[in-house]
Amino acid sequence: MAEFINLALLALLALTALRIIFLKDLFSVVMLFGIYSFLSASIFLNLDAVDVAFTEASVGAGISTVLMLGTLALTGRKEKASKHSSCLPLVVVCVTGAVLIYGTLDMPPFGDPNNPAHQHVAPRYIEESLKEVGLPNMVTSVLASYRGFDTLGEVVVVFAAAIGVLSLLGIRRQKDELVADTGLKEHRVLHVIAKLIIPLIILFALYVQFHGDFGPGGGFQAGVIAAAAFILYTLVFGLKRTFVVVSPKFLAWMASIGVLVYACVGLFSMFKGGQFLDYNQLAADPIAGQHYGIIIIELGVGITVFAAMLSIFYAFESQVERSNVQ
Amino acid sequence: MLILDIVSALLLIAGGFFGLSGAIGLFKFPDFYTRVHSASVTDSIAVILIMGGLLLQTSFDINTAKLLFIMLFLMLTSPTASHALAKSARHGGLASMAEAKMDEQENNNNG
Amino acid sequence: MSFVLDYYNYWVVVFLMMTGFYIVISANNLVKKIVGLNIFQTSVFMLYITVGKVSGGTAPIVTEGVSLYSNPLPHVLILTAIVVGVATTALGLSLVVRIKRAYGTVEENEFENKDDAI
Amino acid sequence: MLEQHLAILPIILPLIAAPIAFLLGRSSLSWGFSTLISAGAFFSAIQLLVVTLSTGVVSYAVGDWPPPWGIELRADLANAFVLLVVSGISTLVLLFAKESVEKEIDPSLHSHYYTAHLLCLAGLCGILLTGDAFNLFVFLEVSSLSIYTMISLSSDRRCLTAAFRYLIMGTVGATFILIGVGLLYMKTGTLNMLDLAGRIDLYDSSRTINTGLAFIMVGVSIKLALFPLHMWLPAAYTHAPSAVTAFLAATATKVAVYVMIRFIFTIFGTDHVFLEMRMDIPLMVFAVLAIFKCSYMATVQSNVKTVLAYSSIAQIGYMILGVSLVSVAGLMAGIIHIFNHALMKGALFMAVGAVFYRIGSVDVNAFSGLGKHMPLTMAAFTIAGLSIIGVPLTVGFVSKWYLISAALEQNNWLIAALVLIGSLLAVIYIGRILEAAYFKKLPDTVDPNNVKEVSWLMLGPMWVLVLANIYFGVDTSMTTEVASKASQWLFHHENSQASADIINTLVSAKEVAK
């Protein structure tokens, strides 16, 4: 049964991707990309990667699509026909694809438990992580503890992207009278529903943040979901009122502090005499130490991701409002 | 248990049917407003039926509560989204097919 | 037949990757290039997750009565890669916005000076 | 206490400092802070090199999880040597950057620049030190994203398209590396480089492994701008702010060359890459093409930064040529050239940055008459330029000497001759600029009173590099010792030792299973 679902999803993905090649209407392209992202999230779910599916749905389909739509609002929605031939790209792609297909012919069969990938490193995570780290969710254990350094790098990537976007676009405050009316601003139904839903979304973000040890979720997803709550608020009430709630300056602080929180856990364990990011040093009992460590670093991740994503959105949105005024 | 399964299956099938009809409507209907209308069929009745079917599949534990929450959430958000879509289209000056026809006739009469 | 069953997933994923890659190098519009990049990367993520699947296994969260889990390591790697991907997308899109402001176009063949072309 | 953490300090110092530099906000504050941090990273790199010279390898298990389960940092001579270059150049560039940045970058973005610089440094150090293939990808993206940001900080609008092109190509390259690492993981089940090395030996002729190798090589080649995949580089170097160009030209591509060396020699093993896959032939062909095509391109450009950018691609050709000779001597020439080229290009781009600071243009014509009006800057440019050409008593000569002798060792007269001819092209493109500087008069449009020497804050770092160019050109004992030890290490020791270890454990594991 799972194979059939998988096959159907893959077929849909292929259709979506092919359609994107030929469409010239960029709005549809971006929408199809959102669909592509959701479909791949379903495939991830079908292949047991619950955390990945969650992240893809919130980060890939959610934030990426919103940012792309924001860009389209500024750059126009039609792709113009290109003059140069599509021969060379086709050849490049075919050669690359052929090499990959050649590579697949020797791959371990799909799903076989005896594959080397399942035999060498992973068994320790599966068998020992409950004893060594004390969390039922192995993905969180590996992400935050065994490969915590990767995750630190990842948080830094998000931070770097925020710095980049802020330096490129900047966040401008609009004067009152200049803010253009998008038609949503005095919209009674939206206002009521948004006010009802936003607290629920934030509550859900907190649940995802702190439940990530036991089920799918964690700092990344939680940060993105919390950012989504404020994105909704911005869309309904306008940027100016959102700045009153969360100011861009405050977000810049938060983004930095999230990284520092993460790194300081590492430094602290160094001062306790262990290696960098050795959570066992954080408490007398190693398992408790692992627990503290993971909760704190996930918090750092959540803070940075939330602040970075929201600042990036602010930057795009303030550009859009600016261009509406002009 | 068997009865529950049958009811659940029926609900799921009905939900699937409404989902499909919404999708077909989205393709076949002539203008924006009728399309929003058909899409909101998927949003509302299909979601309720499918969620109901899934609810009967659970063993009435925490998962049931989660499904109920999802259903509540969807019933709040999807009509709002349809409403906002239609209203923005109106605000943006998009005419429905009937109006477009009337305009055309008026133009013809005047011209 | 079992050969096809063992490998069809990889082949479709390769096809998807190449579709994304084709969009990246052939698209004329810069936003579409970014979309292509995302499709390319998402398909690579699918390759990793496919590797991690164990037939008959479940999601890698310790549950009573389950002994066969899918491999958590690719999941962790891809979680990282997804976030890296969105960071790149955000930066790329903000460059597009600035290019539009500076040049008035985001179409590759419309840059007046050949040196400026992407 | 810090000694035991030596291998991780160069990464986490700038990494932790970056958000702090951002929070400091004020331009001079974050400048001082990031320079200090970069110097700290430099000193720990020196320490690390000293330690690796005596002990060989420093391994650091992050989070105290033993490899291959946790992430291992592994410093040996090769990466400690490149690390020294990267952190040293970073410190000098930051010193140089203060005034250059004040002129070229919007004041509100200064702290963004220093933050991005620190992030980039952290990323590059991470790439160098990590012993984990996927962790390498993560740090690659850290450095890449901050590089895109730094390039786009320039006030010239062309930096935007340059950064975008780099972003697209760089991300495609990184994704290729990701595919390659995925294929390796699929076949071996591990990400730790040493562990990979041992397990790849077991599947030598697997198609999946070979495809993985191909993808990683193409991906890394994009990152290091190997000849047909270099399209992003000239525009990016030309339009980035001067300080950024100086930093990038001296570090980023060098680190990518290191990554290629690491993948070839440590992970796949020379037998596999060169004897079985015959990768040496395409590498050599592309390297030679790079030397000629791009040296030629450099001779016809009018923008000095573009000239030097093309020259960089040609010089990368020399490094890859050294690698493709498949001998200890060739690899050693390649590694020495990584170090030497960083010294020359750093100095050259700083000199160009100083000219831009005064004149506001980097056209060849803008250099007219500067030999008289900016004597110290142009003297620095001249010496570094001679070094690019390969004049004796400069580091450039040392590199070429070892490269040619490595070629002659294999009786490969053709390559030796090609290297010499390539140097002649360097004479042309450097000569054009020097001619303008010393034999032409200052154009009438420029007021001679405005054209004077730049301050010591800019001259100082430049001259440190120039003196290093001469010092390491005269006294080659340090560089050659390290490079020859490193290349011998890469060639023989690590491979055999590691695979033997791993195979032993595998065999014993199988016996236990029985």
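Predicted model: local features only at pLDDT ≥ 70, side-chain atom pairs only at ≥ 80, totals over all residues.
Trainee: What makes the pair Asp48(A) and Lys53(C) a salt bridge?

Mentor: The closest N and O atoms of Asp48(A) and Lys53(C) are 2.9 Å apart. The rule asks for a side-chain nitrogen of Lys or Arg within 4 Å of a carboxyl oxygen of Asp or Glu, and therefore the pair qualifies. Side chains of opposite charge can pair when their charged atoms come close.

Trainee: How many salt bridges does the rule find across the interface of chain C and chain A?

Mentor: Across that interface the rule finds 1 salt bridge. There are also 19 residue pairs in polar contact between chain C and chain A, with both residues at pLDDT 80 or more. On the side of chain C that touches chain A, the elements giving two or more residues are α1 (2-26), α2 (30-52) and α3 (72-103) of chain C. Of these, α3(C) gives the most, with 24 residues.

Trainee: What is the make-up of the side of chain C that touches chain A, in nonpolar, polar and charged residues?

Mentor: That side of chain C divides into 49 nonpolar, 20 polar and 9 charged residues. In terms of contact, 78 residues of chain C meet 96 residues of chain A. The two chains bury about 7700 Å² between them, with 75% of this on carbon and sulfur atoms. Tyr22(C), Lys32(C) and Leu79(C) supply 9% of the area that chain C buries against chain A, more than any other three residues.

Trainee: Why is Thr75(A) called buried?

Mentor: Thr75(A) has a relative accessibility of 7%. Leaving aside neighbours within four places in sequence, Thr75(A) is in contact with Val31(C), Val96(C), Lys100(C) and Val106(C).

Trainee: Are Asp25(A) and Arg77(A) buried or partly exposed?

Mentor: Asp25(A), at 15% relative accessibility, falls under 20% and therefore counts as buried. Arg77(A), at 44%, lies between 20% and 50%, so Arg77(A) counts as partly exposed.

Trainee: What makes Arg124(A) buried and Glu132(A) partly exposed?

Mentor: Their values fall on either side of the 20% limit: Arg124(A) is at 18% and Glu132(A) is at 22%. Their side chains meet in a salt bridge of 3.0 Å, N to O.

Trainee: Why are Lys485(D) and Glu481(D) said to be separated by about one helical turn?

Mentor: Both residues belong to helix α20 (residues 477-513) of chain D, and because they are 4 residues apart there, about one helical turn separates them. Lys485(D) is partly exposed at 34%, and Glu481(D) is partly exposed at 38%.

Trainee: Which residues are linked in a network of salt bridges?

Mentor: Arg147(A), Asp150(A) and Asp132(D) form such a network. Over all chains, a search of the whole structure finds 14 salt bridges.

Trainee: Which residues have the most contacts inside the largest nonpolar core?

Mentor: They are Phe149(A), Phe276(A), Tyr113(D), Phe268(D), Phe367(D) and Phe381(D), in a core of 372 residues. Helix α10 (residues 242-268) of chain D gives the most to this core, with 20 residues. Beyond neighbours within four places in sequence, Phe367(D) is in contact with residues including Val304(D), Met378(D), Phe381(D) and Ile433(D). Apart from this core lies another, of 5 residues, among them Met51(B), Leu55(B), Leu67(B) and Met71(B).

Trainee: How many helices and strands does the secondary structure of chain A contain?

Mentor: Chain A has 13 helices and 0 strands. Of its 326 residues, 60% are buried. Among contacts in chain A with a separation of 6 or more, 71% join residues 24 or more positions apart.

Terms used:
Residues numbered from 1 in each chain as written. Chains lettered and ligands numbered in written order. Heavy atoms only, no water. Contact = heavy atoms within 4.5 Å. Buried area = accessible area lost by both parts, 1.4 Å probe. Polar contact = N/O pair within 3.5 Å; in protein donor to acceptor, adjacent residues only side chain to side chain. Nonpolar A, V, L, I, M, F, W, Y, C, P; charged D, E, K, R; others polar. Buried < 20%, exposed > 50% of the residue type's maximum accessible area, 1.4 Å probe, protein only. Core = buried A, V, L, I, M, F, W, Y, C linked by side-chain atoms within 4.5 Å.
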